[in-house]
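Please read these notes with the sequence and the model open side by side. They are written for someone new to reading structures.

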Amino acid sequence: MTPLLEARGIDKSFGPVKVLHDVTFSAHAGEVTALVGDNGAGKSTLVKCIGGIHPIDNGELVFDGRPVQVNGPRDAGELGIEIVYQDLALCDNLDIVQNMFLGRERRRGLVLDEDTMEELAEQTLNSLSVRTVKSIRQQVSSLSGGQRQTVAIAKAVLWDSKVVILDEPTAALGVAQTAQVLELVRRLADNGLAVVLISHNMNDVFAVSDRIAALYLGRMAAQVRTADVTHAQVVELITSGRSGDLGLKNGAVA
Amino acid sequence: MSKVKELPGEAVATAVRSPSIAHSARAYTERVRAGDMGALPAVLGLLVLCTAFALARPAFLTAINFANLFTQGAAITVIAMGLVFVLLIGEIDLSAGFTSGVCAAVLAVTLTNMGLPWYVGVLAAIVTGAVIGTVLGAIVAKVGIPSFVVTLAAFLAFQGLVLVLVNEGTNISINDPVIKAVAQRNLPPALGWALYAACVLAYAGLQVVRARKRAARGLVADPPSLIATRVGALAVLAGGAVYALNLERSFNPAFASLKGVPIVVPVILALLVVWTFVLRRTAFGRHVYAVGGNAEAARRAGIAVDRIRVSAFVICSAMAAVGGIVAASRASSVDPNTGGSSVLLYAVGAAVIGGTSLFGGKGRVLDAVLGGAVIAVIDNGMALMQYGSSVKYLVTGFVLLLAAGVDALARKRAAAAGLR
């Protein structure tokens, strides 16, 4: 099966500091791909390159089998790539519907088409089987951390997106809310989306992912099927870049 | 009563199709408890103040004094309406008072010194306001100087500009009958009632149509009982006001009759409707709230944040110009003190007392009207009690602090409720 999104040979430097070395990464439709790595391994940079926030120095992005240019967040959005950042970027003083449509409001002439927006938002939440919010006209300030994450994810899904990238969605959540969000992540993939999950939490990674991509010091140490590896192997890949036959060969890391 | 009880954490978004009045009332009390008090402090304050003044000075309740309240509070209310936009994006405009002075002076110069017709004067004043707003907004948004400093500088500079326009301190009188009518003349009683009927019917019609449309699409709609309550409340309150304003207020009616709704009332109503529509029903309004709530989220959502910021300042200064026109109309003249002294603080006070947050993201144009009413009642009542300016300033200052305190505490409370 060809991947929906593929990054090939990505190089990225910030001034003299080379952050990504020849990174190859792929995400498949209907699967959750976990992107793991230690702090500073380049996870966020890679995601921002895919999302068009940072221009890439070298390499190419292939989407649905054809090479594409992503020169800004708008390009990424048009391809159907949505990123849910860690800080969620929600307006506390607006309600759920207003947040989901922020910047892309439906209008009839000059007037906002609230009813259509409300219907679409409700459909999206239903399609994700979200049952945790009381009313979609609730202000975001009244929501819990897990509910906020749910709204942010639903916002990303609303736009016929094909790839959803989640940056540490469970980092700030309690046990029950983490379970809720992970369930939602799984459901996104089951709905046919390619999901990329950045996480530090091995339990989360093993709970929902189909594949694991481990970055080590800006290089892709290995991209493997979750079923083929153990917890310990992944930790080794993260901390030393190799684990037995897996990972970077000797000399690859200078 | 809706049969669907929300099971905690399990209630579906689609559960309550048509909430009852009791449900709405409960939702409202919950909101107030969580710190989102909206207009409640202003309405309660208005009731307390009116009762106190009515008991202390029966003259407070006379028809003539009631009409005075409207003309006294009009200019401040209009300026406060504009300030709501700037406060919504989390900025402040300390120069709005003297902006109104500058624009009033432009009006006076155009009308009296140049002898041009009233509409040219009004246009010149509003364009002046818009230009001032563009400059202030551009400095705040593009250069990045805090609005507090920019508008404080403008506050001083505009004081000088007014002096230049009125030739270092002369008083320019305004004799144009149209301009003077705005704050000095009244609608004929019959027209007042016609306007009243039109407003109540339009409000009722809009509510019913909206509820029908939503119900037809299977969305949560306001129940008929709630709509009836709202429309009834409006009809009673506005009806009482129109009735009182249509009473004879002249001491010698045979000589000159004085009755009817002051013309400035429909002017304020029209501004209220227009700006409420802009804030609540257009994408621009939504983006104003978004910028005030989380500018970074707005930027990532593709909203031109700087453009929204500048627009808010343009609206604020243009509305200050309208406020200046109303003030000039009431005084029949413009002098170096027009828009000066306490005008700005009263206007900011009106917006904040009404429930607009100084921290951005929360507020309505209606707040300016409610808060303006509170300010007008204090100003008027204290004068009737024959307290001097000293006490008046002290009390108004205290009320402003109280309102800002309520705002800050409500915010804390809302934050605490949000974390639960």
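1. Basis. This is a predicted model, in which local features need pLDDT of at least 70 and side-chain atom pairs count only at pLDDT 80 or more, while totals for chains, interfaces and linings use all residues. Residues are numbered from 1 along each chain as its sequence is written, chains are lettered from A and ligands numbered from 1 in the order in which they are written, and side-chain values use heavy atoms, with hydrogens and water left out.

2. Strand S1 (residues 5-14) and strand S2 (residues 17-27) of chain A run antiparallel and are joined by seven bridges. Strands here are DSSP runs of E with at least two residues, helices are runs of H or I with at least four, and both are numbered from the N terminus; two strands pair if DSSP finds at least two bridges between them. Phe14(A) has Val17(A) as its bridge partner in S2(A). Two residues lie between the strands of this hairpin, and Gly15(A) takes a positive phi near 60°.

3. The contact of the two chains. Chain A gives 34 residues to the contact and chain B gives 32, where contact means heavy atoms within 4.5 Å. About 2,900 Å² is buried between chain A and chain B, 50% of it on carbon and sulfur atoms. Buried area is the accessible area (1.4 Å probe) that two parts lose on being put together, summed over both.

4. Salt bridges across the interface. The rule finds five salt bridges between chain A and chain B, each a side-chain nitrogen of Lys or Arg within 4 Å of a carboxyl oxygen of Asp or Glu. Glu118(A) meets Arg214(B) in a salt bridge at 2.8 Å, N to O. Both residues belong to a network of salt bridges whose members include Asp95(A), Glu114(A) and Arg286(B).

5. Salt bridges within chain A. How many salt bridges does a search of the whole structure find over all chains? The search finds 27. Glu60(A) and Arg8(A) form a salt bridge, with their closest N and O atoms 3.3 Å apart. This pair links distant parts of the chain, since Glu60(A) is in strand S4 (residues 58-63), Arg8(A) is in strand S1, and the two are 52 residues apart. Glu60(A) is partly exposed at 33% relative accessible area, and Arg8(A) is partly exposed at 36%; buried means under 20%, exposed over 50%, and partly exposed in between (1.4 Å probe, protein chains only).

6. A buried pair. Arg211(A) and Glu31(A) form a salt bridge with closest N and O atoms 2.6 Å apart. Arg211(A) is in strand S11 (residues 211-216) and Glu31(A) in the loop between S2 and strand S3 (32-37) of chain A, 180 residues apart. Both residues are buried.

7. Two loop residues. Leu193(A) lies in the loop between helix H6 (175-190) and strand S10 (194-198) of chain A. Leu193(A) is buried, at 10% relative accessible area. Not counting residues up to four places away in sequence, Leu193(A) touches several residues, including His28(A), Glu31(A) and Leu188(A). In chain B, Thr338(B) is found in the loop between strand S2 (333-334) and helix H14 (343-354). Thr338(B) also counts as buried, at 10% relative accessibility.
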